Amino acid sequence: MEDPVVEREMTEEEKIDAWLPITSSRTAKWWYSTFHNVTAMVGAGVLSLPYAMSNMGWGPGSVMMVLSWIITLYTLWQMVEMHEMVPGKRFDRYHELGQHAFGEKLGLCIVLPQQIVVQVSTCIIYMVTGGKSLQKFHNTVRPNSHEIKLTYFIMMFASVQFFLSLLPNFNSISAVSLAAAVMSLVYSTIAWTTSLAKGAPQHVSYALRGKNPMENTFNFFNALGDIAFAFAGHSVVLEIQATIPSTPEKPSKKPMWKGVILAYFVVFLCYFPVAFLGYYVFGDKVDDNILITLEKPTWLIASANMFVFIHVVGGYQIYAIPVFDMLETLLVKQLKFKPSGVLRFTTRMLYVGITMFIGMTFPFFGGLLGFFGGFALAPTTYFLPCIMWLTLKKPTRFSFSWWINWIFIVIGVTLMVLAPIGGLRNIILSAKTYKFYQ
């Protein structure tokens, strides 16, 4: 006679983990990682790539685009590999891997502030992008109507986020994320095909858009940040992988990597045609959002702006959920609040409200991309995974792996130092003429 199976009662820690957003559901399929990663990466950034090219020129711009695609794919692979590098343990959050690499306190101090800045700044930028896209849609559809302030469109975007933020975890927003990923491919395709249909006019100029060498230098730095922002999505990679089931026989890295490869193929299809064809057609006259430069056909541009709106609705949630997880972990594990729907509702409504307020107050789209792209996104995407890899995997000195990681670290640090300079200058210039809540 077989012994009856005795179900073990969950510990208090396990109950909390089952409530927290990142660890509450591990039933995701491999294709979830595809559209979550596409939604995390392709977003506001793709629309600024022709503008970045116009500030760098064909040579440096093309090199930076290709290098960014290669480097970020490599560092994403590193993170996928390191997710379960310790048998029986999963590093479900970026800062947990950092703590394993650098120590409990130092790892938290190095990774957590950067991750918070990445995710909060991206949510703010998506607030602005969502509002601007909705405003552009309205102005395109009803060009002769009474002008509505950008502030109100940002509030409309935020109202959608107040509702979606009630969904508990990544798997619960999978349909939203899928729609967002599809929209990113659609509006990117609209951007480059419409540009190509217009054709390059005879008077198009590919000269750097600055009026003097100093201005060109600052613009170049800002363009580095624009490209860094476009390729950033690594701050949520481990959190996405945490939703995939894993066993010793079938570790999560296999389905995750399968999804990542498809995601990067989609990224290639979105980014390179938009960047190169947008710059080819408009040259130094392209705006920091190519959909603003494209004015006709009216119905198509209106549709593209609505698709951008739908995309950043999902993109906001992809970056907000890890922040919700951090806040709820702090409240429940450190401050000993009881896990409840009221606690979750209050925390998330406050977060959406704060990002809405900041987005309405400082909607400097181009400058924000460059500043945050260099300051926060470059470390978490371009070189922090390489440093962790060298620390944990310890490749042989002067081996191919050792050299590649150090080269990427140097490129990433250079990006981190230079890009915010140009972005900060653009923010200051925009602030001089900006009137609040217009």
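How many salt bridges does the count come to? Let's find out together, working on a predicted model.

**Exercise 1. Count the salt bridges, then examine the pair Arg26 and Asp92.**

Step 1. Recall the rule: a side-chain nitrogen of Lys or Arg must lie within 4 Å of a carboxyl oxygen of Asp or Glu. By this rule the count comes to 10 salt bridges.

Step 2. Apply the rule to Arg26 and Asp92. Their closest N and O atoms are 2.8 Å apart, and the two residues form a salt bridge.

Step 3. Find both partners along the chain. Arg26 is in the loop between helix H1 (12–19) and helix H2 (30–41), while Asp92 is in the loop between helix H5 (58–82) and helix H6 (94–102). This pair links distant parts of the chain, 66 residues apart.

Step 4. Check how open each partner is. Buried means under 20% relative accessible area, exposed means over 50%, and partly exposed is in between. Arg26 has 27%, so Arg26 is partly exposed. Asp92 has 6%, so Asp92 counts as buried.

**Exercise 2. Describe the salt bridge between Lys253 and Glu81, and say where its partners lie.**

Step 1. Look at the distance. The side chains of Lys253 and Glu81 meet in a salt bridge, with 3.4 Å from N to O.

Step 2. Lys253 belongs to helix H12 and Glu81 to helix H5, and the pair links parts of the chain 172 residues apart.

Step 3. Lys253 is partly exposed because its relative accessible area is 30%. Glu81 is also partly exposed, because its value is 22%.

**Exercise 3. Are Arg93 and Asp325, another salt-bridged pair, buried or exposed?**

Step 1. Start with the contact itself: the side chains of Arg93 and Asp325 meet at 2.5 Å, N to O.

Step 2. Trace the two positions. Arg93 sits in the loop between H5 and H6, and Asp325 sits in helix H14 (residues 298–334), so this pair ties together parts that are 232 residues apart in sequence.

Step 3. Now look for a network.

**Exercise 4. Which residues touch the most other members of the largest nonpolar core?**

Step 1. Begin with a general idea: in soluble globular proteins, nonpolar side chains tend to be buried together.

Step 2. Turn to this model. The largest nonpolar core has 116 residues, and Met65, Ile227, Tyr271, Tyr316, Tyr382 and Met388 touch the most other members.

Step 3. Zoom in on one of them. Leaving aside residues up to four places away in sequence, Ile227 touches Leu49, Ala52, Met56, Met64, Met65, Ser68 and Tyr382.

Step 4. Look beyond this core. Another core, of six residues, lies apart from it and includes Leu20, Leu331, Val332 and Leu343.

**Exercise 5. Find the nonpolar patch on the surface and the helix that gives its largest share.**

Step 1. Name the members. Leu185, Leu262, Phe265, Phe268 and Leu269 form the patch, and together they have about 410 Å² of accessible area.

Step 2. Assign the patch to a helix. Four residues, the largest share, come from helix H12 (residues 253–282).

Step 3. Phe265 lies in helix H12, and Phe265 counts as partly exposed because its relative accessibility is 48%.

**Exercise 6. What are the surroundings of Asn405?**

Step 1. Asn405 lies in helix H17 (residues 400–433).

Step 2. Asn405 has a relative accessible area of 0%, so Asn405 is buried.

Step 3. List the contacts, not counting residues up to four places away in sequence: Asn405 touches Tyr74, Gln78, Cys386, Trp389 and Leu390.

**Exercise 7. Examine the backbone angle phi at Lys336 and Lys394.**

Step 1. Lys336 has phi near 65°, a positive value in a residue other than glycine. Lys394 has a positive phi of about 50°, although Lys394 is not a glycine.

Step 2. Locate each one. Lys336 is in the loop between H14 and helix H15 (341–361). Lys394 is in the loop between helix H16 (365–393) and H17.

Step 3. Classify them. Lys336 is exposed because its relative accessible area is 66%. Lys394 counts as exposed because its value is 62%.

**Exercise 8. How many disulfides does a search of the whole structure find?**

Step 1. The search finds zero disulfides.

Step 2. Cys109 counts as exposed because its relative accessibility is 56%, whereas Cys270 counts as buried because its value is 0%.

How values were computed: Residues are numbered from 1 along each chain as its sequence is written. This is a predicted model: local features need pLDDT of at least 70, side-chain atom pairs count only at pLDDT 80 or more; totals for chains, interfaces and linings use all residues. Side-chain values use heavy atoms; hydrogens and water are left out. Patches are made of residues with over 30% relative accessible area and no salt bridge: like charges are joined within 9 Å, nonpolar side chains (Val, Leu, Ile, Met, Phe, Trp, Tyr) within 5 Å. Accessible areas come from the Shrake-Rupley method with a 1.4 Å probe; for residues, only the protein chains shown count as cover. Helices (H or I, at least four residues) and strands (E, at least two) are DSSP runs, numbered from the N terminus. Buried means under 20% relative accessible area, exposed over 50%, partly exposed in between (1.4 Å probe, protein chains only). A disulfide is a pair of cysteine sulfur atoms within 2.5 Å. Contact means heavy atoms within 4.5 Å. A nonpolar core is a set of buried Ala, Val, Leu, Ile, Met, Phe, Trp, Tyr and Cys residues joined through side-chain atoms within 4.5 Å.
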